[in-house]
Amino acid sequence: MTLQTQLVLRALLEDPARQRYGLELCELAGLPSGTVYPILARLEQVGWVDSTWEDPAVHEKAGRPRRRFYRITQDGAVQARDALARAYRSRKQALPGWAAVRPSGDC
């Protein structure tokens, strides 16, 4: 799992019941839309994420383009948490003592 996918999953898991639109997820993950939207499409294909389009009346009233909202599924949340935990353990094993490394003040 890429670091970018992990960042998107963490953004979705901040509030699993909440629907978030794509650009909001870009901001939360700190990634560009060209990275986030393909990740969301893949997560939707495997069933970890559901999406719905905003009601046309809402975006017309707001005077902006229509938004697509994404929400992590219940099964997706379970799978994502497990995958993130495995990625964390893998990183920890690959870099023993990484958590104990602290930058000195004279860098």
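I start with helix H2, whose buried residues pack against helix H1 (3–13), S1, helix H3 (33–45) and S3. Contact here means heavy atoms within 4.5 Å. Helices (H or I, at least four residues) and strands (E, at least two) are DSSP runs, numbered from the N terminus. This is a predicted model: local features need pLDDT of at least 70, side-chain atom pairs count only at pLDDT 80 or more, and totals for chains, interfaces and linings use all residues. Residues are numbered from 1 along each chain as its sequence is written, and side-chain values use heavy atoms, with hydrogens and water left out.

H2 covers residues 22–29, and its buried residues are Gly22, Glu24, Leu25, Cys26 and Ala29. Buried means under 20% relative accessible area, exposed over 50%, and partly exposed in between, with a 1.4 Å probe and protein chains only.

Two strands pair if DSSP finds at least two bridges between them. Between S2 and S3 (residues 68–72) there are five bridges.

Last, Ala77, which sits in helix H5 (residues 74–94). Why does Ala77 count as buried? Because its relative accessibility is 6%. Leaving aside residues up to four places away in sequence, Ala77 touches Leu13 and Ile72. Its C-alpha atom is separated by 10.0 Å from that of Ala17, 60 residues apart along the chain.
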